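This report describes a structure from its domains down to single residues. Please keep the view at hand while reading.

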Amino acid sequence: MNNISRSNDVPNRRDFLWQAGGGLGGLALTAMLARDGELTAAVPIDAGLKTHPAQIYPPKAKYVIQMFMAGAASHLDLFDFKPELVKRHGQPSDFGEPVEAFQNGLGPWLKPIWDFKPYGDCGKMLSDVVAPLGDVVDEMAFVHNVVGKTGIHSQATLLQATGFQLPGFPGAGSWVSYGLGSLNDNLPTFVVLPDHRGLASNGVKNWGSSFLPSQHAGTVIYPGSATPIASLFPHRAATYLDPEGDAATQILLANLNARHAATRSDDPRLNARIRSYELAARMQTAAPEALAFADEPAHVLKLYGLDRGPQTWSKEINAEEETFHFSQKCLTARRMIERGVRFVQIWSGNDNGFPRRNWDSHEDVARDHGPLATGMARGAAALIQDLKQRGLLDETLILWTTEFGRMPSSQGGKGRDHNPYVFTNWLCGGRVRGGTTYGPSDEWGYKPLDRSRPTLVYDLHATALRLLGLEHTQLTWRHNGIDRRLTDVHGRVIEELIA
Amino acid sequence: MALRIPLLVALALASTAAAVGAAEVDSFATTVGPLLAKRCAGCHNGVEKNGGLDLTRRETMLTGGDSGAALVPQQADVSLLWQRIVADDMPPKNPLPKAERAVIEAWIARGAPWQGGALDPLAHTSEQRAGYDWWSLQTLQPIVPPKSSPRARNPIDAFIEQKLTAAKLAPSPEADRRTLIRRAYFSLIGLPPTADDVAAFVVDSDPQAYDKIVDRLLASSGYGERWARHWLDVVRFGESQGFERDRLRTNSWRYRDWVIEALNRDMPYDEFVRLQLAGDVLRPNDADALIATGFLTAGPWDEVGQKQQSAAMKAVVRQDEIEDLVGTVGQTFLGLTVNCARCHDHKFDPIRQTEYYQLAAALAGVHHGEPQLPAAAVAKKAAALREPIAARLRALESRLAEIESPHRSKILAERKEKGKKSAVPQPIAAWDFQNGARDSIGDLHLDLKDGSYVRIGMLHLADGYAVSPPMSKRLGAKTLEVWVQPLDLNQRDGGLFGVQSLNGSKFDAIVYAEQSPRRWSAGSNGGRRTQDFQGPEETTRSDFVHLAFTYDEDGKIAAYRNGRPYGKPYQSSGLTFFDEGNGQVIIGARQLPSAPERRLRCAVDRARLYDRALTPDEIALSAGLDVDIVSEAELAARIPAAELTERSSLTFERTQLREALERVADAKVYAVAPQSPAKTFVLHRGNPGDPRELVAAAGTVSLKGVAADFGLKTDAPDADRRRRLAEWITEPRNPLFARVIVNRLWHYHFGVGLVDTPNDFGFNGGRPSHPELLDWLAGELIRSGWSLKHIQRLIVTSAVFRQSSQPRADAAQQDAGNRLLWRKSPQRLEAETLRDTLLQLAGALDPRPFGPGFYDFSTYVRNSQFYDMRDVEGPTFDRRTIYRTWVRSARSSMLDVFDCPDPSTKTPQRAVTTTPLQALSLLNNSFVFRTADRFAARVEQEVGDDRQRQVAQVFRHTLGRTPDEAESAACEPFVEQHGLAALCRVIFNGNELLFVD
């Protein structure tokens with residue numbers, strides 16, 4: 001059997017070492033508890049890290065922040081300016097070929113809902129609704145010819161999130177966690193920050209570890225909520241349990257487990273469990289610290305638009321509330337990667353319920369995209385600036401994506417139907433070549449200009465893995481007879497995007 | 001293991017350009033041909049011609065490829081074939097060994113004589129792939145167990161001893177009695193033995209004591225509950241559609257029950273499989289056989305994808321569905337990843353792309369559906385299932401009454417004292433027709449159209465209708481209430497009262513005689529939210545009828561007639577919203593524009609619109625019945641907080657129990673609803689837009705001993721296809737069928753299979769650690785009449801299973817992975833076993849088998865179905881975890897962290913991972929605290945408040961032993977200080993409970 005793949009049955013010693021991120025040698029629990037003050041000290045970055053054999057390139061980036069716009073954000077109204085639509089606005093649409101529409105969105109041509117203006121040294125045209133990104137546009141690389149495979153929300157979300165349009169495959173963050181391992185014993189390697197309203201199409205399946213070991217699953221965190229991480233602390237039903245009792249519990253448990261393991265010294269799983277309780281105890285201290293903004297200076301909070309804190313907002317979707325929630329996740333993401341979390345996924349928008357709580361603007365682009373894009377642009381721009389001023393931008397790859405694009409023709413007047421035939425992604429940081437636009441779409445933004453060379457999600461994933469130093473064809477896991485990988489049997493690294 | 005090298009397949013029609021002597025025929029057939037097939041033909045064949053070169057025929061060798069002729073007979077030096085071999089260019093990465101070079105060189109020198117037709121690149125196993133000679137594809141050979149030592153308890157041990165002896169390793173001694181009984185319990189029924197069971201067994205001197213326990217466990221219903229879970233993992237059983245809509249399948253529990261029952265009855269395995277593939281065909285009118293086909297529909301189903309407009313996109317979704325099904329069938333029963341051949345010939349196993357489509361054709365008639373079950377069979381099952389549910393419901397209702405009634409009577413008494421009546425609910429619009437068609441509450445005054453008129457306090461509608469201006473507020477949940485007298489009871493399709501969007505594209509309306517004559521139904525655009533309430537027919541037209549339809553937040557629609565429930569409420573596809581400014585009321589029609597024949601001819605006395613779903617009591621009151629209502633708000637204000645929490649939990653449970661009663665009676669099952677199969681074509685590169693040749697249902701020729709040809713035409717009916725597929729798979733000569741299942745059994749008993757990839761017996765899978773044992777077990781299964789329990793009894797009573805799990809340095813050094821089985825490897829409890837064990841320790845486990853599963857979520861439909869996980873409490877939820885409803889997007893975080901698999905993917909072996917989140921979950925989850933509390937209470941009840949006895953009792957129950965001195969010394973002060981429940985929590989988290997030695 002080829003030595004890159006590992007079967008997923010009972011872990012052998014090597015697997016275990018891999019899981020534990022590079023060796024046992026952990027602190028004894030009692031000693032650790034005694035030195036309570038040291039619990040928050042992060043393990044030195046890169047200490048004792050084992051590399052996956054797929055790590056064959058010098059890494060340019062160490063972390064990924066993925067922003068996922070659920071419901072399908074319109075490339076035409078945000079990033080991909082089409083003067084032709086302005087010119088032909090209101091005229092009957094004519095694609096010059098039969099169009100497979102998802103609903104019935106082949107009304108007249110619909111011009112961008114907002115005006116576009118040039119920004120930065122690169123002069124990139126951006127929509128007014130994402131104007132804050134103009135300040136950082138010279139750091140960004142746009143890909144306008146991304147092509148999907150389906151106009152169905154659930155499948156398209158899976159495709160962008162896991163590389164497969166069927167359920168049952170690990171999320172991109174799980175693969176990165178598996179490929180790069182942990183930089184931090186106190187926090188998970190893959191963190192998911194869902195939309196505050198709820199989960200997007202497919203729910204937790206978008207970040208499940210599937211056949212990869214479960215430590216690579218995304219851990220859901222709801223910043224700012226009463227219980228940001230499930231089961232981090234004893235359930236409130238445990239009235240009899242005080243902190244002292246909880247500490248005594250840990251000590252007694254470690255004691256009993258140590259006696260049990262003493263006669264079974266060959267079983268790495270036993271020691272792994274003992275260690276997992278030590279890590280859990282550390283996480284109890286590290287996670288709240290990572291999630292609290294108390295030590296953030298006022299100018300940083302202001303940059304993100306978080307200086308006013310949470311407010312009582314109107315029931316209707318509104319820009320101020322969107323800004324608060326999206327920015328809260330962006331700032332949390334920065335704090336996470338500073339503490340060694342490898343992959344943070346930020347969601348904007350949840351399911352396809354109604355009233356619209358996501359980007360699926362069939363009826364009215366301005367109504368939904370307006371507030372969502374305003375909040376996203378403010379948060380994302382602040383994050384890019386913040387990372388840059390801390391010198392973290394080169395190590396952090398930001399990947400903005402969505403399910404698919406929207407049609408250049410209208411649907412019911414103010415809305416747009418699904419367009420899986422072309423849409424936009426953008427990348428930033430992680431030594432991505434800033435200020436570039438790669439792979440234009442056609443004059444309508446309906447399909448790629450060069451239909452023979454579209455960009456597929458596999459190419460973007462391959463490129464992201466390359467920036468992390470991983471060869472995408474070698475990052476594999478054998479499952480039911482197949483060496484599975486994030487990029488299936490596809491994927492081409494887009495060299496033009498790499499600085 | 002020894003590789004068999006059979007004769008070349010191509011022995012037919014021998015006539016080639018070169019003259020061939022007898023000796024050379026032999027040499028070509030046995031050496032040169034196989035060598036070329038193995039080393040060269042993989043990349044240079046008729047289909048895949050790398051460099052334009054085909055090396056499977058002499059003629060094409062002579063013609064050559066892009067670089068010219070490959071072969072010049074008698075002149076190796078100028079033959080490109082030879083040049084590339086000598087230069088180590090070919091085969092790439094794996095240069096030919098010397099001996100093989102010599103064969104080729106000599107063959108060319110002899111003039112390259114050829115015999116037979118084209119070489120088959122799939123004939124032989126090579127370094128890169130498996131051929132038809134692959135070990136698992138060969139017929140089962142009769143195996144005589146080797147000689148065994150006196151230690152052996154049955155033939156299994158002989159095979160194990162043979163390998164250990166060869167490796168100069170000794171087996172381990174038998175495990176102690178306590179370990180033995182725990183191991184047997186967990187392995188066979190997934191629950192620990194009680195303290196008394198352990199104590200009795202430890203002192204039992206009967207030499208048959210262990211065997212008796214094994215027999216008892218195999219005969220207990222817990223066996224099926226444990227082993228059905230393994231099967232459900234493999235067939236990726238889920239109880240919702242998955243994908244975007246993820247609709248709940250409220251009756252797929254019947255398949256889960258069928259599996260449990262079949263295993264408990266030890267249904268012959270071939271029968272077990274035949275029924276799952278084709279039960280509906282093999283035994284028409286047999287409810288159980290139809291339920292068994294739930295296997296075919298256990299996977300996800302993409303509702304949006306299947307219903308989208310684009311036919312091309314829809315075809316892709318259907319092909320994906322078929323691939324999932326072919327993959328599941330191939331891997332589950334045959335350990336073959338047939339699904340890998342959808343776009344091209346299998347890269348590693350001898351399965352042609354055509355064969356993938358032949359198997360796809362065999363399953364092409366399979367569609368998901370909810371077929372009707374014979375009523376009598378359902379009623380018979382329901383009788384047994386209903387009583388325990390009803391009993392719990394009664395107990396729960398009486399507890400609810402206990403909580404509520406004092407407050408209720410107090411409220412009513414106070415009201416009476418003040419001379420007040422129950423308040424009638426307040427509508428948002430009301431039309432009494434006393435003052436024209438004005439809205440007496442808001443501004444939705446009606447505009448009378450097409451000759452409708454108001455007279456003597458009534459709205460008269462002959463062919464006309466009445467319509468309101470747009471509503472200024474958004475309307476979601478609602479109640480439509482109306483008093484009506486139809487003019488003609490035999491009229492059809494008449495709209496009465498409802499709300500529509502301004503352009504008429506969306507509406508909800510009370511309609512008459514649309515679904516069936518003389519009955520009321522909830523009309524909706526395209527019938528999307530319409531189902532038959534099955535209420536009674538209208539018989540007389542003398543009186544006004546009071547009708548009220550409620551539209552709940554969660555999508556439920558209920559109807560009432562004269563204040564009483566009308567027929568049965570149902571879950572619609574979801575609540576529809578009418579946006580502010582885009583909704584209006586219509587009376588006398590369903591939607592506008594409206595054809596006159598779609599208008600109800602009637603008189604309307606009053607009509608009211610509410611912006612919420614009224615309760616049954618409110619409707620009764622509004623209909624003029626004499627009821628007293630105490631509102632939820634009034635009650636909630638009086639009931640103390642602790643009881644309110646209990647009440648909320650009880651009402652949640654009550655809703656489920658009521659639904660469970662309906663589900664028990666529901667004569668449907670989520671199973672196969674076959675359709676006439678669409679034509680199956682080989683799809684070039686798997687693309688539905690590029691169909692090539694038409695194929696008939698058939699198997700793969702790679703399985704020795706069974707004919708791949710089903711003898712079916714390309715247009716054969718579904719029934720024939722599935723029957724033949726089932727016969728082909730379960731044929732005793734099928735080399736894989738028995739091997740794969742005995743290996744699964746071994747896998748679950750030992751943690752690792754003899755083949756460590758239970759779903760893949762192909763090139764990419766593992767090789768058997770004990771090939772003869774595997775074949776002997778497979779043969780034994782067939783000889784026993786396919787009895788799984790027979791095989792399991794052999795396994796569990798063998799000396800190898802009964803070995804100690806203690807590590808031994810000498811053996812570990814040589815075989816750390818324990819593939820030779822010099823000891824029994826400890827196994828970690830699975831997620832379900834852990835939960836069930838905690839429940840049993842708490843004395844809370846409800847052993848009731850079968851029936852609708854419990855929900856640990858609340859759910860509602862709003863276009864898609866949503867599931868909010870809930871911290872559930874109550875006896876309904878204290879059943880074994882297999883009775884949890886397995887919704888694809890409603891995952892239990894505690895089960896998940898213990899590697900409970902995703903029901904969207906086939907899971908032949910579960911991962912065993914260890915993470916901090918797992919530790920946090922088992923420490924801090926509310927379920928753990930609750931079970932620890934209950935366990936502690938149980939122990940206190942058993943032994944009183946003596947600390948020492950409490951600690952000892954906790955150890956006896958959980959670990960089957962008493963604590964040693966050091967443990968007592970650590971635990972007793974801990975209990976003293978933090979309580980007994982805190983100790984229970986510690987033990988629940990301990991490795992000794994979690995790992996079974």
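In this predicted model, the C-alpha centres of domain 3 and domain 6 of chain B lie 53 Å apart. Domain 3 of chain B is built from two stretches, 268-371 and 674-735, whereas domain 6 of chain B covers residues 926-996. The remaining parts of the division are domain 1 (22-128), domain 2 (133-219 + 736-827), domain 4 (375-419 + 653-665) and domain 5 (429-629) of chain B. Along its principal axes, the C-alpha trace of chain B spans about 115 × 80 × 45 Å.

**The two chains**

Chain B has 997 residues, of which 51% are buried. Its secondary structure consists of 32 helices and 23 strands. Among the contacts in chain B with a separation of 6 or more, 68% are made by residues 24 or more positions apart.

Chain A has 499 residues, and 58% of them count as buried. Twelve helices and 14 strands form the secondary structure of chain A. Here residues 24 or more positions apart account for 77% of the contacts with a separation of 6 or more.

**A mostly covered helix and its surroundings**

Helix α23 of chain B, residues 788-797, is mostly covered, with seven of its ten residues buried. The buried residues of α23(B) are B:Leu788, B:Lys789, B:Ile791, B:Gln792, B:Leu794, B:Ile795 and B:Val796. The elements that cover them include the chain B helices α5 (155-166), α6 (177-189), α8 (209-219), α11 (269-282), α21 (737-750) and α22 (771-783).

Two of these covering helices, α21(B) and α22(B), also meet one another. Two packed helices are described by the angle between their axes and the distance between the axes. The axes of α21(B) and α22(B) come within 8 Å and cross at roughly 105 degrees. Angles of 65 to 115 degrees count as roughly perpendicular, and therefore α21(B) is described as roughly perpendicular to α22(B). In this contact, B:Ala738, B:Arg739, B:Ile741, B:Val742 and B:Asn743 of α21(B) meet B:Leu774, B:Leu777, B:Ala778, B:Leu781 and B:Ile782 of α22(B). The residues of the contact divide into eight nonpolar, one polar and one charged.

**An open sheet in chain B**

Six strands of chain B form an open sheet in the order β3-β6-β15-β8-β9-β10, with antiparallel pairing. Which strands form the edges of the sheet? They are β3 (447-449) and β10 (520-524) of chain B, each of which pairs on one side only. From one strand to the next, the twist averages 20 degrees.

One pair of neighbours in this order is β15 and β8 of chain B. Strand β8(B), residues 494-501, runs antiparallel to strand β15(B), residues 583-587, and five bridges join the two. B:Ser501 stands opposite B:Gly583, which belongs to β15(B).

| Site | Feature | Angle |
|---|---|---|
| B:Met90 to B:Pro91 | cis peptide bond | omega near -10 degrees |
| B:Leu592 to B:Pro593 | cis peptide bond | omega about -5 degrees |
| A:Asn202 | positive phi, not glycine | phi near 80 degrees |
| A:Ser231 | positive phi, not glycine | phi near 60 degrees |

Where in chain B is B:Pro91 placed? B:Pro91 lies in the loop between α3 (80-86) and α4 (98-109) of chain B. B:Pro593 is in the loop between β15 and β16 (602-610) of chain B.

In chain A, A:Asn202 is found in the loop between β5 (190-193) and β6 (219-220). A:Ser231 is placed in the loop between β6 and α7 of chain A. A:Asn202 counts as buried because it has 26 C-beta neighbours inside 10 Å. A:Ser231 also counts as buried, because it has 22 C-beta neighbours inside 10 Å.

Methods: Residues numbered from 1 in each chain as written. Chains lettered and ligands numbered in written order. Predicted model: local features only at pLDDT ≥ 70, side-chain atom pairs only at ≥ 80, totals over all residues. Helix = DSSP H or I, 4+ residues; strand = E, 2+ residues; numbered from the N terminus. Buried ≥ 20, exposed ≤ 12 C-beta atoms within 10 Å, placed from the backbone. Contact = placed C-beta atoms within 7 Å. Domains from an automatic or database assignment. Pairing = 2+ DSSP bridges. Axes fitted to C-alpha atoms, helices over the stretch in contact; angles between N-to-C directions. Parallel < 35°, antiparallel > 145°, perpendicular 65-115°, else oblique. Nonpolar A, V, L, I, M, F, W, Y, C, P; charged D, E, K, R; others polar.
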